[in-house]
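Try each task yourself before you read the solution.

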Amino acid sequence: MDHETLQDRFSIEVREITKTFGNGATAVTAVDNVSLNIRENEFLTLLGPSGCGKTTLLRMVAGFEHPSAGQILLAGADISHLPPFKRPVNTVFQSYALFPHMTVAQNIAFGLEMQGKPEAEIHKTVNEMLDLVRMAELRDRRTDQISGGQQQRVALARALAPNPEVLLLDEPLSALDYKLRKDMQIELKRLQHETGITFIFVTHDQEEALTMSDRVAVMNAGKILQLGSPRDIYDHPAERFVANFIGDTNFLDSSISEKNGRKVTLKLVSGSEVSADLPDGFDPPSIGKKVTAVVRPEHAKVSPRGEGQLNGTLSNIVYVGTDTHYYVDIEGGSTFVARIQNSRGADVSWSVGQEIDVSIEDNAVQVLRD
Amino acid sequence: MAGNTAIEDNPVERANRADVRARWLLSTPALIVLFCAASGPLLIMLIYSFLEPGDYGGIEWAFSTDGWVNVVLQRDIFEGTLSLADAHVSILWRSVRLSLLTTLTAFALGFPTAYFIATRPRESRSIWLFLVTIPFWINLLIRTFAIMELIRNKGVINIILMSLGIIDEPIQMLFTDFAIMVGMTYVYLPLMVLPIYASMEKFDFRLVEAGYDLYASRFKVLKRIILPLTKPGIVAGSILVFIPSLGAYVTPRILGGGKNMMLGNLIGLQFGQGRNWPLGAALALTLLMIVMVALLLYVRGVGKTENNRGH
């Protein structure tokens, strides 16, 4: 080991990649000048709505699409123009794409055979993979004789068998039902831990992204809007799109009344002041600038008039089992939602129409870049 | 397998029997057509092949195995000894060989064509398919004469080659086995393209990506993924080309020039100028048997290939 830190060792480096489909007036830019460094052994998720370019980006790493501009480096070497069969990168496809004319074991062996591995090694690796995904008993089944969840495992084992540098997963859980998806999320995390392979995971499911990833890249319209740990992305969304796409959010119009490094004091519509964080790369020039701030529903609660930062009227109370959602009409027009976890000894019972305050937790306010 | 006991017999069994009867009744029209169009004529042929030829064609109602003996053997007129009928054997061999070559050539041309069509955008596929079927609109004779015009000594190909100075004398292509094969390939090519296209249309091209992803080169993807999965179409196409090639009549007659006969022409000859109906019938049944054996071998052979690998 040299003196490089883990942070400096990149598995995949995406450099200013652009992908345009078609040409002339009908050209569509699917990926727009994206740069992204993916660390070794990292579980990185590309998260975004459909059509945001996340799958195109993944397919360029796999080699199925060639970038219109820019470079992709694997362990420092440019692989942008290598065909997929020359890249030590394997994909788990959304449709699984298992070979229907082969058994489970033959599917898993395929990549190893194509690499020209000796028969004995193939046999050994296939057995290891079957154990890893707990499919040993079904090794001689045809792929149409096993369930969706099992097909998923075979697809994983097939992609992991050649021991790739990077495993690409294109919405692999989207076809599974809720319970199975939950199990597979944990399973995937375990596999990544056990194999030590870098995972790039594509999904439109924010919960999936938050649960499994080391880092999440939120994409929209061909660009990466924010890259960070799940906690970072959730607690400190930098853009309105990110705040909106991930979790529920309250947007507050406010103005900056005091600035102290990355911390600011915001003046809310009610006149009360809260402290808030500035997003990276955003340095508002002046005191008094109007900004939008966000607060997660669970970081606020309803309190008696005079005890909180926002004044309003309770307009609706929705009980959802674990939590209760309080809808508050804030003076100034907007609706604020506070989410409070239910407990057996809940003392205060609020009623609709009551004049109340919303009190926001310390360090729970985040300023948006726009 | 419980349930075949006498206790459960009555209502269920009776319903089953009625069901069977209805099924027989419903299939009667089909059976009649099948008998009149296939089994009946075949039976007549079988009977004729064991009779003696009439002097002016037709048959004499006297049992004889000469028809069958003459398929591959010939009796010396003066000594009455039997020897191998070289002419018949060479015609048999030419038929099988040319039919196999035709099937292979049609596959070599038809597979890429079907692949090409299947990978076009959905809207334009029907146009390409339409183009493939256009030759069917034109009479077989005219198509065959068109080929003749292309390959004869003063035909299009020879004139172009000579004017370009590539050859000094025309290449003799017409009236050769090559001409017959070209003609049959041209005529039967759509029969290869269409079934292969049908199975390729169902083929999931994402599997090709999966193959590339797993280190398979283009050739390996073709061999290990595309070919095994389009096999039903390839088998169907090959059968559809091989069988009519084996019995082809018009194409070898015109492009082979009468001296390069195929089985179909030989059979035709026996029922015509040859005035040997029993031999013709025996030859026709021989053709049928060759086809059946070839089919059995082929279907069994391809059925085994991919299932033999395991780990």
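The exercises below concern a predicted model, and they go from domains to the chain interface and then to the nonpolar cores.

**Exercise 1. Find the domains of chain B and describe the side of domain 1 that touches domain 2.**

Solution, step by step:
- Start with the assignment: domain 1 of chain B covers 6-84, and domain 2 of chain B covers 86-308.
- Next, take the centres over C-alpha atoms; those of domain 1 and domain 2 of chain B are 30 Å apart.
- Now list the contact: domain 1 of chain B puts in 19 residues and domain 2 of chain B puts in 14 residues.
- On the domain 1 side, two or more residues come from each of helix H1 (10-49), strand S1 (51-53) and helix H2 (66-72) of chain B. H2(B) has the largest share, 6 residues.
- Finally, sort that side of domain 1 of chain B by class: 11 nonpolar, 6 polar and 2 charged residues.

**Exercise 2. Work out which helices of chain B face chain A, and what classes of residue chain B brings to the contact.**

Solution, step by step:
- Count the partners: 18 residues of chain B are in contact with 23 residues of chain A.
- Look for elements of chain B that supply at least two residues: helix H8 (206-213) and helix H9 (218-229) each do.
- Classify the chain B side, and you get 9 nonpolar, 3 polar and 6 charged residues.

**Exercise 3. Locate the largest nonpolar core and explore the contacts of Ala157(A).**

Solution, step by step:
- The largest nonpolar core holds 108 residues, and those with the most contacts inside it are Val61(A), Ile108(A), Ala157(A), Ile200(A) and Val218(A).
- Helix H2 (residues 104-114) of chain A provides the largest share of this core, 7 residues.
- Zoom in on Ala157(A) and set aside its neighbours within four places in sequence: its contacts are Ile108(A), Met129(A), Leu130(A), Leu132(A), Val133(A) and Met135(A).
- To finish, find the second, separate core of 46 residues, which includes Ile91(B), Leu191(B), Val193(B) and Met262(B).

Conventions: Residues numbered from 1 in each chain as written. Chains lettered and ligands numbered in written order. Predicted model: local features only at pLDDT ≥ 70, side-chain atom pairs only at ≥ 80, totals over all residues. Domains from an automatic or database assignment. Contact = placed C-beta atoms within 7 Å. Helix = DSSP H or I, 4+ residues; strand = E, 2+ residues; numbered from the N terminus. Nonpolar A, V, L, I, M, F, W, Y, C, P; charged D, E, K, R; others polar. Core = buried A, V, L, I, M, F, W, Y, C linked by C-beta atoms within 7 Å. Buried ≥ 20, exposed ≤ 12 C-beta atoms within 10 Å, placed from the backbone.
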